[in-house]
Every structure is written in structure tokens, then in C-alpha cells.
Amino acid sequence: MTTIADISKDNVSKTAQTVGDPAWLKANRDAAWERYSATPYPTRKEELWKYTDLSRINWGKYAVGTTENVVLSTLEKDAAARGAIFCTLADALKKHPELVQKYLGRNTDTVNGKYAFENLAFTDRGFFCFVPKGVKITTPLHVETQSTQDGATLFPRTIVVLEEGAEATVFDQFTSPNAKDGVIGYTNARVELYVGQSARLHYLQMQNWHNGMLHLLEQHAELERDAYLSATTISLGGHISKSTIAAILKAPGAVSYLFGLGYGNDKQQFDHHTMQTHLAPNTTSDLLYKMAMNDRARSTYTGIITMTPDAQKADAYQSNKNLLLSKTARANTVPQLEILANDVRCTHGASVGTVEDEQLYYLESRGLSREVARDMIVHGFFEDLIGKLPEETLKNAVRKAVNDKLGTTIELEDIAL
Amino acid sequence: MTQPLFKIEDLKVSIEGKQILDGVNLTINAGEIHALMGRNGTGKSTLANTLMGHPKYEITGGKIWLAGQDITELEPEERSIAGLFLAFQYPIAIPGVNVVNFLRAALKAHRGGDMPIKDFRILLKEQMNLLSMQQSFASRYVNDGFSGGEKKRLEILQMAMLNPKMVLLDETDSGLDIDALKVVAEGINRTMTKDRGVLLVTHYQRILDFVKPNFVHVMMNGKIVKSGGPELALELEKQGYDWLGKETKHENQATAN
Ligand SMILES: Nc1ncnc2c1ncn2[C@@H]1O[C@H](COP(=O)(O)OP(=O)(O)OP(=O)(O)O)[C@@H](O)[C@H]1O
Ligand SMILES: [Mg+2]
């Protein structure tokens, strides 16, 4: 068994074989492997890795070359007939290699350094979604990347491409069905979202892994003229979960919303880093990240808004709200601005609060136990964020995942009178 | 003799070391409505919240009985399940939790299981109609951005849904216009039964024209200093509390001598 600790170029070839690489992809992998080998692991001296220490991870625990499921919902017939594609990465490489080549690895911007090269060299699963010009897909596309084996290693890659005027909603979920306690795993994922001119993408990414997962994710979104992106990140599982989420507003009129929700208990560690990068005038970005931490869980939020000299009349907002549910839970919040244009609007805010005793008392006076009362307040804390999701089914999926994590059974779906 | 529904025995309470209630005694039988009046800051809400089990209020003496059960040491949720209900003077907002889900959870806790969604919907609709509440109200977040009147209505709606044995109403009439007052009073009267007891804290005779009390008590300095029939409220309305102050001072002196 090969593990991450003794991984070699051989494993690159094996992965390429399993996936069924065209030559160009194999070449990309080899190049990534060279950079991977030459790059040291980041240390806590680096700003982005200050709060998440992976230096003591025993990489020998994670076996490479494990196969795990990627389950996809089916595409509407009409959209498929009009050229939309929604399939596993391996299938896309077989059926649409030229199209995939245009996007896979097109962008090598990364702040994750070695880990990003690792993903590119070993990409072993994932999916490809392509919506051609003017095609609008109404039903959410759902993909579930599953981990079931102890010590499994996953290098998923999500690619979503919306051409001009296209619309889609994608629900990208990472989950461990029936994982037993004590099972471990390592995921290093890369997500690339290309939102074309006047296209509209709702992208919901949720990880509700088992608690033994080490989860790293780097998400990169590019928005063209008048493009609209709403990208939501739901972080519930894993013992360490570190996500880097970037929205690059490349052309005038682009609008991006970044939302994040995290609930941690036990000794879970969450680290979210966001980038709202305005490269063009009249671009707008908004961001809301809400984290609730219980027990000894810890959350770090660092976010940077960048306005380049070209980004005149751009608007950017950023808000990070934290709710601490125990005396030993922690939340760090570090907003950062880098403004190089003079005519922009930029606001950011952060807060760290606790559950109010008066709220607990009020709910308890109605017969709710302290646990249910607290969980209800946590749900309430998240609800404005969940309300921003485009579909009732997605809202309920997130509510249910939060509910499952909290362990109390509170009915939350909207019921009309 | 049948046992009283609700009994407060020599209740003494302090907050952060400061004594607020100085030996309150009160017995409420099933079917009775008692009004509790008194100046600001005399301890009426302290009494109501202590009865409900607010953790901030420390009971330094006395006992509380509900239907023969000593509830002095119970948690608020246990008191609620036992059949006690407090309509808050200042209801608390729970952002993000809508009225429907909140009521569903409360009802579930009381019934020990979920109510079929259909039945729940029918019950809620009916009760909301009776309180002249629009249906959109149900999907709003609990007390979040509610007007004073809306908050009080929601308290009454909760009471109607949970159907408690013993109801404490802390200034449910305050801040209501006359129409809202009527709706709220009707809500109290409609759900009143021969098995229920009510303790209604108020500053005004106004509500007592609609919700007729059997007894009226006056609180001063953390004690009930005078009790009487409905006429006592009318007297207080006319004369204020000053005459009582003198009267009780005399009484106190008399006992001291
Ligand atoms: N949580 C608290 N912390 C500190 N002091 C309190 C608290 N609650 C009440 N008190 C004090 O206890 C006394 C009685 O207050 P309480 O609210 O019971 O009066 P009340 O009779 O209900 O007045 P009102 O008619 O204005 O509602 C007041 O002096 C008040 O300041
Ligand atoms: Mg009061």
C-alpha cells in the first residue's frame, strides 16, 4: 500500500491510467508532480497557514489509489439535447476531451501551494458540468462524492462552466454514508467555476464528512461581464476543514455572493479563507460567513477584499458572524482590505457572540429542553443564510444536515398554512 | 377540602444578593382569576419569573405548588410541561426561528411527540383566526421586529396552543390599543375553563373590564400588602397607591410593636 507519505511519480501514472487520461492531462499531471516534489509543505509562518497546523499530520495513514463513489443526478432531457453536459470527470475526458482541456488546469492560481499541485497531479474523481450558451437548467444538479473506506484519500475536482446567458444550480456534496467512528480519511479538493457573460450560477458546496476526515478545498471562480454567482460553502464534518474560496470579478457588471455556514463541535477545526477580487469597474461582491462553534471547536475566518486600480465604482461587502456555544469554543476573525482604486465602496464587519440566557429561558419556559432550545437558536442563527439558497430542496438539505449534526429533531421545513 | 391549583407559600427571592420578594403568599383555585397590581418595581415581574423558574432569581425561602406538586426546584421546561405558562411582559426575540416551527417544537415537547402536520395546521390556523392574526404572521421570526401589540398577541397564541392549567399574564395588556386589548382579552376569556387558574399582572382597570377578576391583590416592596375583590382595582384606579402605603406602614408598625 502506498500512502501520501511515500507517494511517487509512479502513483501519478497509475492515477492517469485509472482515470483514462488523454496525453495532455498526463503531461499536466507530470508537471504538477514536479512542482509538488519541489515545493515544501506550508508552515504556520505563512499567513494562510497560521491557524491550521498540518505539520503533525501523519501522512503515512492515508492510502492513495482508493476508489470511492461519485453519484450524480440526471440532467434534464431538454438541457442535454441542447448540449449541456453533467457527468463524472472520467466520462467527460472520454466523451469531450477538447472541451475539458479548455478548462481543466486552465487556472493555476493557487494559494494552497503544495496541496494544489498535489490535487492536480493526483486528481482521481470529480465531475464536469458544462452549460452552453443560453441554456437554462432549472432543476438543481446534485453530485455526491462519498467516502466509505478507512484511510481513504480523495482528490476530487469540480469543474462548472456556464457559457454566455446560461443558468444552472449545482449542489456539490461531500459526504460519508454510514461511516463508522474512528474511520479516517484525507480529501484535497479543487473547485473551478467559470461563469460566462450574463450567466447565472448558484453553486452550493456542502461537506458533511465523518469526523475523521481531513478536508482541504480550494475553490476558484471567474466571472465575466454581468455574470452572477452565488457560491455557498457549508462546513460541518471533518476534524480539520480548511477551505479557500475565491471570486474573481473580471469584467464590469459582475456580481458575486459568497456565503458560508459552519457548525463545529468536539475538537473540530474550521478555517475559511475568502478572496473577493475586483479586477474591473462596476463590479459588486457580497459575503456573509456564519460560524457556530460548540465544545472545544475552533473557527478561523480570514477574508480579503482586493480592489485593483481598474476597479473603479466597485462595491464590496464582507461580514463574518460567530456564535460561541461553549466556554471552550473559539472563533478568530481577520478581515483584510487591499484597496488600490480610489472610487470604491467597501465595508466589512465581524462579530463574536454567545447565546443569550434570556433567549434560552424564553424557549425553556415553553417546554423546550435546554438542548433543544440551544439548537433552535443555532438554527435561527443560520436561517437568514439558508434563506439565500435558491431552492426549497436545497434549503431543506442544509437544514437537515445541520439538524443531523446537532442531533436534536427539530422540524424546520417551511410549512404553509 | 380539595387541594388548590396553585399555591405560593412565603416566597422569598433575591437577585444578585439583593432581596426583591419578601414573603409572598397567594392561593389560586381552579376557575379563579386573580389580578396583581402595584407600582413599578415592586416585584410583580420578579414574582412571575420566579414562578416560571428564571435561573437568575434565587429562591431564598418558601415553596411553589402546582396541582399538589412542589415545583419550587423544577427547571422552566419542567414547569411548562407541568402546566404553567407565563405570558412575558417583554417577550424575547428569537431571530431566524419562525412562529410555526417554534410552536411545533413547543407542542411536541408538551405532547411528548409530533402532532400530525395536518392537525397542527388546522389548530394553528383556527387559533390565529380567533386572535385576528394574519397567516403571514406564522412565517415571521419569533418576536423579531414585532410591534408591542404583535408580541402580546403571540404570547396569547402560545397560551392557546399549549393550553396550560395555570396562566401567569405579566402586563399582557400594556401597550395595546383598545381593539388589540379586546382581542387579547377575548383570547384569555375564551380559553378560560373551570380547571384553569389565572394570575394577571396589570397596572390598569381597563383590562379588568373585560377579564373579570375574582380577587385583586396589591404588591408593595416585594409583598402582597392588600387583597380584595374587584372593587379594590377600581379604588386603586381612583386613588392610586398612596393611601395603601400609609395603611400598610401602620400595619407593619403594629406587628413590630
Ligand atoms: N434581572 C434583574 N437584575 C437586577 N435587578 C432586577 C432584575 N429584575 C428585577 N430587578 C429589580 O427588582 C425590582 C422589582 O422589579 P420587577 O421587574 O419585579 O418589578 P415590577 O413590579 O414588575 O415593575 P413594573 O411594573 O415596572 O413591571 C426592581 O427594583 C428591579 O430593578
Ligand atoms: Mg413588571
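Colleague: How many salt bridges does the structure hold over all chains?

Modeller: The structure is a predicted model, and it holds 29 salt bridges over all chains.

Colleague: What lets side chains pair in this way?

Modeller: Side chains of opposite charge can pair when their charged atoms come close. One of the salt bridges joins Asp30(A) and Lys26(A), whose closest N and O atoms are 2.9 Å apart.

Colleague: Why are Asp30(A) and Lys26(A) separated by about one helical turn?

Modeller: Both belong to helix H2 of chain A, residues 23–38, and they are separated by about one helical turn because they are four residues apart in that helix.

Colleague: Let us turn to the two chains. What is the count of salt bridges between chain B and chain A?

Modeller: The count there is one salt bridge. Arg366(A) forms a salt bridge with Glu155(B), and their closest N and O atoms are 2.6 Å apart.

Colleague: Which elements of chain B supply at least two residues to the side that touches chain A?

Modeller: They are H1, helix H2 (76–82), strand S6 (84–87), helix H3 (99–111), helix H4 (117–130) and helix H5 (148–162) of chain B. H3(B) gives the most, with nine residues.

Colleague: How do the residues on that side of chain B divide?

Modeller: On the side of chain B that touches chain A, 27 are nonpolar, eleven are polar and seven are charged.

Colleague: How many residues are in contact on each chain, and what area is buried?

Modeller: In chain B, 45 residues are in contact with 25 residues of chain A. The area buried between the two chains is about 2900 Å², and carbon and sulfur atoms give 62% of it.

Colleague: Now the ligand. Which residues come nearest to ligand 1?

Modeller: Of the 16 residues around ligand 1, the nearest are Gly41(B), Lys44(B), Ser45(B), Thr46(B) and His203(B).

Colleague: Where do oxygen atoms of ligand 1 meet polar backbone atoms?

Modeller: An oxygen atom of ligand 1 lies 2.8 Å from a polar backbone atom of Ser45(B). For Gly43(B), the distance from a polar backbone atom to an oxygen atom of the ligand is 3.0 Å.

Colleague: How much of ligand 1 does the protein cover?

Modeller: On its own, ligand 1 has 630 Å² of accessible area, and the protein covers 70% of this.

Colleague: Which element gives the largest share of the shell around ligand 1?

Modeller: H1(B) gives the largest share, three residues. The shell as a whole divides into three nonpolar, eight polar and five charged residues.

Notes
Residues are numbered from 1 along each chain as its sequence is written. Chains are lettered from A and ligands numbered from 1 in the order in which they are written. This is a predicted model: local features need pLDDT of at least 70, side-chain atom pairs count only at pLDDT 80 or more; totals for chains, interfaces and linings use all residues. Side-chain values use heavy atoms; hydrogens and water are left out. A residue is near a molecule or strand if one of its heavy atoms lies within 4 Å of it. A polar contact is a pair of N or O atoms within 3.5 Å; within protein, one must be able to donate a hydrogen and the other to accept it, and residues adjacent in sequence count only if both atoms are side-chain atoms. Accessible areas come from the Shrake-Rupley method with a 1.4 Å probe; for residues, only the protein chains shown count as cover. Ala, Val, Leu, Ile, Met, Phe, Trp, Tyr, Cys and Pro count as nonpolar, Asp, Glu, Lys and Arg as charged, and the others, Gly among them, as polar. Contact means heavy atoms within 4.5 Å. Buried area is the accessible area (1.4 Å probe) that two parts lose on being put together, summed over both. A salt bridge is a side-chain nitrogen of Lys or Arg within 4 Å of a carboxyl oxygen of Asp or Glu.
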